[in-house]
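This briefing covers one protein model and is arranged by topic. Please read it alongside the sequence and the structure shown here.

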Amino acid sequence: MIRKVLSILLPAFAVVAMCTSTFAADCGSCGGGCEGGCGNAAVAGGDCGGAAACGPSTKTVYQRQYVTEMKSVTSTEYTTETREKTYTVNKRVPRTEERTRTVTVQVPETRTKTVNYTVNKNVTETKTSEYTVQVPYTESVEQTYTVNVPVSEEKTSTYTVMVPKQEEKTSTYTVQVPYTESVEQTYTVNVPVQEEKTSTYTVQVPYTEQVAQNYTVMKNVSEEKTSTYTVQVPYTEQVEQTYTVNVPVSEEKTSTYTVQVPYTESVEQSYTVNVPVQEEKTSTYTVMVPYTEEKVSTYTVQVPYTEQVEQTYMVNVPYSEEMTGSRTVQKRVAVQSMKTVQVKGGRWESQQVEVASSGTDKCGCPCPPKMCCKRVWVPTCETKEVPVTTYQCTTEEVPYSYTVSKCRQESRSRMVNVNKTRSEERTRTYTVSKCRPEERTRSYTVTKYVPETKTRSVNVTKYRSEEKTRNYTVTKMVPETKTRSVSVTKYRSEEKTRNYTVTKCVPETQTRMVDVTKYRSEERTRNYTVTKMVPETKTRSVNVTKYRSEERTRNYTVTTCVPEERTRTYTVTKMVPEQKSRTVNVTKYRTESKTREYQVTRCVPETMTKEVSYTVMVPQQKTESYSVTMYDCVPETKTSTYTVRVPHQVTKEVPVQKCVTVAVEVAVENACGGGCGDAGSAGDAGAAGACGSCGDAGAAGSASACGDCGAAAGAGCSKGCKKGCKRGCRRCK
């Protein structure tokens, strides 16, 4: 690398040294000094003669242009791989241990003892008493009563009946007979017509871009821990326990009680008896006696008759009428509108930058500032109006014609038979049944009950009190304290230690490349078909129903009512009173004395003995087994699948813009004005004006002597300037 740099720099230094010596020699031959810059240089002999002025000429200027080239670039892409990892999980496995413990159980024990108790027994005693009873008996009595006996009587009456009589008649009527007639009809049909159209639309096209993304993975870290836990260990201890037992104690006692002793006593008693007494009575009553009466009445009869009446009626005559309507049609209409879009762009521009020169020439003149070319990117943000096509649904009213069948009303007349009635006055005789009241008298017997007081002797049971004594046994329960030894289960605490594994999840940050989908806008064109409805007129044959009038005849029957005299026989029933006799059973009562036996129950105490069972709880030692569940930590290996993004190198062809220098011929007005003129021969001074700048010289770093090629021995000069320096470098471009 160092050799390569030295091989480039050494020739440049040599050219700078040669240019400096040549220009110094030229400037040194100027006799007139360097006050206003070098004048017209003399010929190579060193004389400062007046050389001819520089005329119009051209110079070569090198400009930079960008050229697109394909370059091979190595990029990193990622593929998704599925991998497996193994991790350990601690599971708690239960195991059951059988243990034994001693338990004190209270066992019930049944025991027997003899108890005396007193029972009251019922003793039944039979006694006799007398009582009086009213005994009923039946007695037959003759009784007279009146009955209304119905008597039927035949009668005859005359009445008028309207007998219907039928009569055949004939009438004429008009009928509308329908017939069909074919009529030509014109109608409009909308025929669909398809039209091809093209529209431009914008599509968001997705593309994938690789983006680095950080994500956190939870890794399992196992840690061994020790914990201390307390276990309650049971043990049995003998304890003295005091308990109380109720002991039965019998005691003899004497009690005095009062007994009600019954005795019978005869008592005189008064009682009342109802004695029946019969009494004859007479009553008057009214009887409605029927009789018949003849009456004459006048009534009105509606006599029917038929009358011819002219009737006007309306007939619906059909006809066809052409009508016009409109229907609503929706169409999609393309609407052109302008849309404001901001377009971001730019261009490369070459700008001349003035660079100040700090050095002086051999004559002591300060070097003039240099002009350097600089490429600058000028960004632009441009607002454009872009045409956009949108579709709107428009509603349009489309007219069409159709045929409607209508009916018009026509007035017509016809003769119609109308049944009417006229009123006629008529007379009839009828019989009316009436009743007139008659006063009558009847006799009847009334039985009354007269109270009568009597006396009788009645046995009454009375009671006298007697004092008696009895002995009985009372059993009392006396508490007695006893002592027994009881096994009590107690627990003591024991500290135990166990080891267990705790798995923690530790977060770890990793990086992966993620495909991010982005979108760029693309203009596309599509063809679509629009269907329009074009109205078309067609003709069709339609059957129209019409009517013609026909005269027809029909026969009908007219019913007329004719009065007719008739006779009927009917029965009239009269009620005739009749005297009858009947035998009636009358209930009477007589007094009888009766005797009855009844039982008296009294309680007699009696002492008895019985065996009583009672239960005592006896403590008993018992050994039982119980299960304890213990947990063991068992490590288990598991496998999980995860996804990894694996990078790999890919070589791609990428378009790269490269800056290339291109030579361009430029016309120069005055060769000595500030540019470099044409170099003369090796000894000529050329047109020595003020030292100009190099055409494509770099910025800073101008040489100390005027005429040096650019910055630092031609490092910033163009190829033309370097060639000039090699030829003698009278003036540096």
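**Salt bridges**

Lys420 and Glu307 form a salt bridge, and their closest N and O atoms are 3.2 Å apart. Because Lys420 lies in strand 2 and Glu307 in strand 1, the pair ties together parts that are 113 residues apart in sequence. The model is a predicted one, and a search of the whole structure finds 28 salt bridges.

- Lys420 is partly exposed, at 32% relative accessibility.
- Arg83 and Glu81 meet through their side chains in a salt bridge with an N to O distance of 3.5 Å.
- Arg83 has a relative accessibility of 37% and counts as partly exposed; Glu81 has 34% and falls in the partly exposed class.
- In the salt bridge of Arg492 with Glu494, the closest N and O atoms are 4.0 Å apart.
- Arg492 is partly exposed at 42% relative accessibility, and Glu494 is partly exposed with a relative accessible area of 32%.
- A network of salt bridges links Arg95, Glu97, Arg99 and Asp632.

**Overall make-up**

- The protein has two helices and two strands.
- Read from the N terminus, the order of these elements is α-β-β-α.
- Strand 1 covers residues 57–355, and strand 2 covers residues 370–668.
- The protein has 733 residues, of which 15% count as buried.
- Among contacts in the protein with a separation of 6 or more, 94% come from residues 24 or more positions apart.
- The accessible surface of the protein is about 52,600 Å², and carbon and sulfur atoms account for 49% of that area.

- Ser199 lies in strand 1 and counts as buried, because its relative accessibility is 5% and the limit for buried is under 20%.
- Apart from neighbours within four places in sequence, Ser199 is in contact with Tyr391, Arg524, Thr525, Arg526 and Tyr528.
- Thr298 also lies in strand 1, but Thr298 counts as exposed, with a relative accessibility of 55%.
- Not counting residues up to four places away in sequence, Thr298 touches Glu425, Arg426 and Thr427.
- Thr298 and Arg426 are separated by 128 residues in sequence, while their C-alpha atoms are 5.6 Å apart in space.

**Aromatic rings**

- The count of aromatic pairs comes to three.
- In the pair of Tyr400 and Tyr402, the ring centres are 5.8 Å apart and the planes are at 35°, so the pair is tilted.
- That class follows because planes under 30 degrees apart count as stacked, those over 60 as edge-to-face, and the rest as tilted.
- Tyr400 is partly exposed, with a relative accessible area of 25%, and Tyr402 is partly exposed at 33% relative accessibility.
- Tyr66, Trp348 and Trp377 are linked into a cluster by ring pairs.

**Nonpolar surface patch**

- Val67, Val660, Val662, Val664 and Val666 make up a nonpolar patch on the surface, and together they have about 280 Å² of accessible area.
- Strand 2 gives the most to the nonpolar patch, contributing four residues.
- One of the patch residues, Val662, lies in strand 2.
- Val662 is partly exposed, with a relative accessible area of 31%, and the patch rule asks for over 30%.

**Cysteines**

- How many disulfides does a search of the whole structure find? The search finds zero.
- A disulfide is a covalent bond between the sulfur atoms of two cysteines.
- For Cys372, the closest cysteine sulfur is that of Cys373, at 7.6 Å, which is too far for a bond; the cut-off for a disulfide is within 2.5 Å.
- Cys372 counts as buried, at 5% relative accessibility.
- Cys435 is partly exposed, with a relative accessible area of 45%.

How values were computed:
Residues are numbered from 1 along each chain as its sequence is written. This is a predicted model: local features need pLDDT of at least 70, side-chain atom pairs count only at pLDDT 80 or more; totals for chains, interfaces and linings use all residues. Side-chain values use heavy atoms; hydrogens and water are left out. Buried means under 20% relative accessible area, exposed over 50%, partly exposed in between (1.4 Å probe, protein chains only). Contact means heavy atoms within 4.5 Å. Patches are made of residues with over 30% relative accessible area and no salt bridge: like charges are joined within 9 Å, nonpolar side chains (Val, Leu, Ile, Met, Phe, Trp, Tyr) within 5 Å. Accessible areas come from the Shrake-Rupley method with a 1.4 Å probe; for residues, only the protein chains shown count as cover. Rings of Phe, Tyr and Trp (its six-membered ring) pair if their centres lie within 6.5 Å; planes under 30 degrees apart count as stacked, over 60 as edge-to-face and the rest as tilted.
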